[in-house]
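Me: Hi! Could you walk me through this model, a bit at a time?
Reply: Happy to. Here it is, and then just ask away.

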Amino acid sequence: MANKLKFGLSFNLHKHNGVWLINSKKVLNWVIKWIINLMNNKEIPLEKIDSIISLYSIGKAKKAIDEINLLLNDFPKNPMLLNIQGACYASLYKFDSAIESYNAALKIKPDYADSYYNLGNIYRTLNQPKKSILNYERA
């Protein structure tokens, strides 16, 4: 059975011993990337985010970080989680870890204004005005 995907990828689909097989490595790679993308775009349950923000708000940043780390196992490419993680680290004066979290969020979403703004705050706190202004401008 000949088929064509929306992006012009041609392939043949046939059944062998009850299993459908695709004869194109290019299509198989596309399907795998599509599935991975779907998995990475799962939405985090809102109550989990609310719980983490509540922990952070009442001064339980360490507990919030533990919760974030658990969620990052299921949502490793979620810039919002990494940004919140950075805020938690910053509240604990772990500025290197905060910077690392914000930069990880920006690797995933290079236009993520919240992380740039938070980096600006960190660099202002660390008395590094040039880096602070640069990040504020990017926000």
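Me: Where does Gly-86 lie?
Reply: Gly-86 lies in helix H4. A word on terms: helices (H or I, at least four residues) and strands (E, at least two) are DSSP runs, numbered from the N terminus. This is a predicted model, so local features need pLDDT of at least 70 and side-chain atom pairs count only at pLDDT 80 or more, while totals for chains, interfaces and linings use all residues. Residues are numbered from 1 along each chain as its sequence is written, and side-chain values use heavy atoms, with hydrogens and water left out.

Me: Is Gly-86 buried or exposed?
Reply: Gly-86 is buried, and its relative accessible area is 0%. Here buried means under 20% relative accessible area, exposed over 50%, and partly exposed in between (1.4 Å probe, protein chains only).

Me: And which residues does Gly-86 touch?
Reply: Leaving out residues up to four places away in sequence, Gly-86 touches Ala-98, Ser-101 and Tyr-102. Contact means heavy atoms within 4.5 Å. For Ala-98, which is twelve residues from Gly-86 in sequence, the C-alpha to C-alpha distance is 4.0 Å.

Me: What about H3 and H4, at what angle do they cross?
Reply: The axes of H3 (residues 61-74) and H4 (residues 79-91) cross at roughly 155 degrees and come within 9 Å. Axes are lines fitted to C-alpha atoms, for helices over the stretch in contact, and angles run from 0 to 180 degrees between N-to-C directions. H3 and H4 are therefore roughly antiparallel to each other. The cut-offs: angles under 35 degrees count as roughly parallel, over 145 as roughly antiparallel, 65 to 115 as roughly perpendicular and the rest as oblique.

Me: Which residues make that contact?
Reply: On the H3 side they include Ala-61, Ile-65, Ile-68 and Leu-72. From H4, Leu-81, Leu-82, Cys-88 and Tyr-89 are among them. By class, the contact of H3 with H4 has eleven nonpolar, three polar and no charged residues. For the classes, Ala, Val, Leu, Ile, Met, Phe, Trp, Tyr, Cys and Pro count as nonpolar, Asp, Glu, Lys and Arg as charged, and the others, Gly among them, as polar.

Me: What does the side chain of Ser-132 have 2.8 Å away?
Reply: The backbone oxygen of Gly-120 lies 2.8 Å from a polar atom of the Ser-132 side chain. Ser-132 is found in H7 (residues 129-138), and Ser-132 is buried, with a relative accessible area of 4%. Beyond residues up to four places away in sequence, Ser-132 touches Gly-120, Tyr-123 and Arg-124.

Me: And Arg-138, how exposed is that one?
Reply: Arg-138 is partly exposed, with a relative accessible area of 47%.

Me: What about Asn-118, buried or exposed?
Reply: Asn-118 is buried, with a relative accessible area of 18%, and its place is in H6. Setting aside neighbours within four places in sequence, Asn-118 is in contact with Asn-83 and Tyr-102.

Me: Last one: how many helices and strands are in the chain?
Reply: There are seven helices and three strands. From the N terminus on, the elements run β-β-β-α-α-α-α-α-α-α. Of the 139 residues in the chain, 32% are buried.

How values were computed
A polar contact is a pair of N or O atoms within 3.5 Å; within protein, one must be able to donate a hydrogen and the other to accept it, and residues adjacent in sequence count only if both atoms are side-chain atoms.
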